[in-house]
Amino acid sequence: MSRPRLVPFALAALAAATLAVGCGGEVIDARKLEAQLPAQIERELGLQGAAHCPADVELEPQRKFRCRFETTEGNELEATIKITNRKGDVHLVALSEPRD
């Protein structure tokens, strides 16, 4: 089975996905994002799966980070996420094959 070939694209923002207080200050709430991201990807692209995001991403507007997205077929993709503001809103910038 071949992997889906996806190119960067812009999707709607994930609303206030994400604020938690960590040791060093405010960080993205990875669990909340992991719950919201798959629904967004399914709505926009029809792909079902699960997201796995880092738990230590500090809240810095314009910062980009990556989450892993594993489809129900077992394909692993990489979601590039951008923090859009100090409220913790984020935007899915791209979904692509993972970098090595």
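The accessible surface of the protein comes to about 5,800 Å², and carbon and sulfur atoms account for 48% of this area. The model is a predicted one. Of the 100 residues in the protein, 35% are buried.

**Overall architecture**

- Read from the N terminus, the order of the elements is β-β-β-α-β-β-β-β.
- Among contacts in the protein with a separation of 6 or more, 45% are between residues 24 or more positions apart.

**The disulfide**

- A search of the whole structure finds 1 disulfide, and this bond joins Cys53 to Cys67.
- The link of Cys53 and Cys67 is right-handed, with 115° about the S-S bond.
- Cys53 belongs to the loop between β4 (49-52) and β5 (64-71), whereas Cys67 belongs to strand β5, so the pair ties together parts that are 14 residues apart in sequence.
- Both Cys53 and Cys67 are buried.

**Strands β5 and β6**

- Strand β5, which contains Cys67, pairs with β6 in the antiparallel sense over 7 bridges.
- Within this pairing, Arg68 stands opposite Glu78 in β6.
- The two strands β5 and β6 form a hairpin with 4 residues between them.
- Gly74 lies in the turn of this hairpin and has a positive phi of about 95°.

**Strands β6 and β7**

- Strand β6 covers residues 76-83, and strand β7 covers residues 90-96.
- β6 and β7 pair in the antiparallel sense over 6 bridges.
- The bridge partner of Thr80 in β7 is Ala94.
- The hairpin of β6 and β7 has 6 residues between the strands, and Gly88 in this hairpin takes a positive phi near 95°.

**Burial of strand β6**

- Strand β6 pairs with β5 and also with β7.
- This strand is mostly covered, as 6 of its 8 residues are buried.
- As a general point, side chains in a regular strand alternate between the two faces of the sheet.

How values were computed: Residues are numbered from 1 along each chain as its sequence is written. This is a predicted model: local features need pLDDT of at least 70, side-chain atom pairs count only at pLDDT 80 or more; totals for chains, interfaces and linings use all residues. Side-chain values use heavy atoms; hydrogens and water are left out. A disulfide is a pair of cysteine sulfur atoms within 2.5 Å. Buried means under 20% relative accessible area, exposed over 50%, partly exposed in between (1.4 Å probe, protein chains only). Two strands pair if DSSP finds at least two bridges between them. Contact means heavy atoms within 4.5 Å. Accessible areas come from the Shrake-Rupley method with a 1.4 Å probe; for residues, only the protein chains shown count as cover.
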